[in-house]
Every structure is written in structure tokens, then in C-alpha cells.
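Here is a friendly briefing to read alongside the structure. Take a look at the picture, then follow the points below, topic by topic.

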Amino acid sequence: MPSRKLLTHHIKQPVKIILFHSCSLEELLPGAQASNEEQLAGYVLSTAASTYHAAGTCKMSDPSTDPLTVVDENFVVVGFNNLRIVDGSVLPLLTPVNPSATIYMVAEKAADVIKQQNAAKK
Ligand SMILES: Cc1cc2nc3c(=O)[nH]c(=O)nc-3n(C[C@H](O)[C@H](O)[C@H](O)COP(=O)(O)OP(=O)(O)OC[C@H]3O[C@@H](n4cnc5c(N)ncnc54)[C@H](O)[C@@H]3O)c2cc1C
């Protein structure tokens with residue numbers, strides 16, 4: 001599962017920061033009991049939370065290659081012609097910073113796409 005690979009790939013970085021600040025020689029979290037990919041994925045799934053930055057429930061992607069696609073690059077819902085989604089739900093991945101500024105840019109881009117497509121119809 002690609003999302004599990006992504007989670008487990010990135011989890012070691014914050015662990016190193018914890019070690020640096022605590023001056024400990026032992027890994028604190030997730031600890032020795034979670035070392036292979038499956039164990040790390042289990043650790044992430046049991047401890048991760050979206051907090052206030054939920055995103056990506058209507059992923060923008062390429063519908064011809066990604067079965068999880070909900071909207072295409074023009075914000076149009078796959079299978080529809082005139083239904084678009086323009087909010088944080090289209091982010092394929094959560095940004096590494098607070099998401100509001102990115103979502104403003106997504107909205108600006110969507111406005112440009114809609115204006116261009118409406119102008120092309122005239
Ligand atoms: C407590 C909290 C603190 C946060 N702090 C920060 C921060 O400091 N910095 C930052 O970058 N991000 C912050 N975020 C995250 C940020 O607010 C959100 O990621 C962002 O607002 C999401 O934008 P959005 O347009 O996707 O959705 P929203 O801002 O949730 O907008 C959705 C809108 O759609 C409306 N709506 C819903 N259903 C319907 C319907 N059926 N018909 C009509 N309208 C509908 C809702 O009323 C709402 O106005 C915070 C979030 C929370 C909850």
C-alpha cells in the first residue's frame with residue numbers, strides 16, 4: 001500500500017530529532033519493537049491523527065493511472081462534466097506546513113481554470 005510506505009519512510013526523521021534533543025543513545029519512539037515496515041506502519045496507524053489539517057479526501061490525480069483519483073487536473077469530479085471540488089480535500093498529500101496558504105493558491109488556480117474554460121466556450 002503506497003500510503004503506508006510513505007508513512008514509514010518519513011517516520012525516522014522526527015525520531016532522530018528526539019534523540020538529538022534528549023541526548024539519549026536509545027531510540028525513544030517508536031522503539032526497538034517497531035523496526036520493519038509492517039511494524040512501523042502499525043505504529044503510525046495507531047498513533048497518527050489529522051488534528052486540524054484534514055485534507056486529501058477527494059484526491060486530485062490522473063484518473064487514467066490512479067484509481068484513487070476523485071478530481072482531475074481541472075478540479076472536475078471524475079465521471080461528471082460540470083461538478084468541481086475546490087478546497088483542501090483535493091490536495092493529494094498534506095502540506096508540510098499549515099495548509100491555508102496552499103489552499104488559497106489552489107482556489108486561485110481553480111478560478112483561472114474555470115475562467116479559461118468559460119472563455120473558450122464563448
Ligand atoms: C482549529 C483549527 C485551527 C487551524 N489553524 C490553522 C492555522 O493556523 N494555519 C493554517 O494554515 N491552517 C489552519 N487550520 C487548517 C485550515 O483552517 C484548513 O485547512 C482550511 O481552512 C481548509 O480550507 P477548506 O476551504 O478546504 O475548508 P473550510 O475552510 O472548512 O471551508 C469549507 C466551507 O464550506 C462550507 N460548507 C460545508 N458544507 C457545505 C454545504 N453543504 N453547502 C455549502 N457550504 C458548505 C463550510 O461552512 C465552510 O465555510 C486550522 C483548522 C482548525 C480546525
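The chain has four helices and zero strands, where helices (H or I, at least four residues) and strands (E, at least two) are DSSP runs, numbered from the N terminus. Read from the N terminus, the order of elements is α-α-α-α. This is a predicted model, in which local features need pLDDT of at least 70, side-chain atom pairs count only at pLDDT 80 or more, and totals for chains, interfaces and linings use all residues. Residues are numbered from 1 along each chain as its sequence is written.

**Confidence**

- The mean pLDDT (the predictor's confidence in each residue, from 0 to 100) of the chain is 83, and 78% of the residues score at least 70.
- Helix α2 (residues 12-22) has the lowest confidence in the chain, with a mean of 52, while α4 has the highest, at 96.

**Burial and contacts across the chain**

- Of the 122 residues, 6% count as buried; a residue is buried if 20 or more other C-beta atoms lie within 10 Å of its own, exposed if 12 or fewer, and partly exposed in between, with C-beta atoms placed from the backbone.
- Two residues are in contact if their C-beta atoms, placed from the backbone, lie within 7 Å.
- Among the contacts with a separation of 6 or more, 42% join residues 24 or more positions apart.

**The nonpolar core**

- The largest nonpolar core has five residues: Met60, Val71, Phe75, Val90 and Leu91. Such a core is a set of buried Ala, Val, Leu, Ile, Met, Phe, Trp, Tyr and Cys residues joined through C-beta atoms within 7 Å.
- In soluble globular proteins, nonpolar side chains tend to be buried together.
- Phe75 sits in the loop between α3 (37-47) and α4 (100-121), and Phe75 counts as buried because 21 other C-beta atoms lie within 10 Å.
- The phi angle of Phe75 is near 70°, a positive value in a residue other than glycine.
- Setting aside neighbours within four places in sequence, Val90 is in contact with several residues, including Met60, Val71 and Phe75.
- Lys59 also contacts Val90, along with Leu68, Thr69, Val70 and Pro92, not counting residues up to four places away in sequence.
- Lys59 lies in the loop between α3 and α4 and is partly exposed, because it has 16 other C-beta atoms within 10 Å.

- Tyr43 belongs to helix α3 and touches Pro30 and Ala34, leaving out residues up to four places away in sequence.
- Is Tyr43 buried or partly exposed? Tyr43 is partly exposed, because it has 19 other C-beta atoms within 10 Å.
- None of the 22 residues of α4 is buried, so this helix lies largely in the open.
- Thr102 lies in α4, and the C-alpha atoms of Thr102 and Leu91 are separated by 9.1 Å, although the two are 11 residues apart along the chain.

**Around the ligand**

- Which residues surround the ligand? They are Tyr52, His53, Asp87, Gly88, Asn98, Pro99, Ser100 and Ile103, where a residue is near a molecule or strand if its C-beta atom, placed from the backbone, lies within 6 Å of it.
- This shell has three nonpolar, four polar and one charged residues. Ala, Val, Leu, Ile, Met, Phe, Trp, Tyr, Cys and Pro count as nonpolar, Asp, Glu, Lys and Arg as charged, and the others, Gly among them, as polar.
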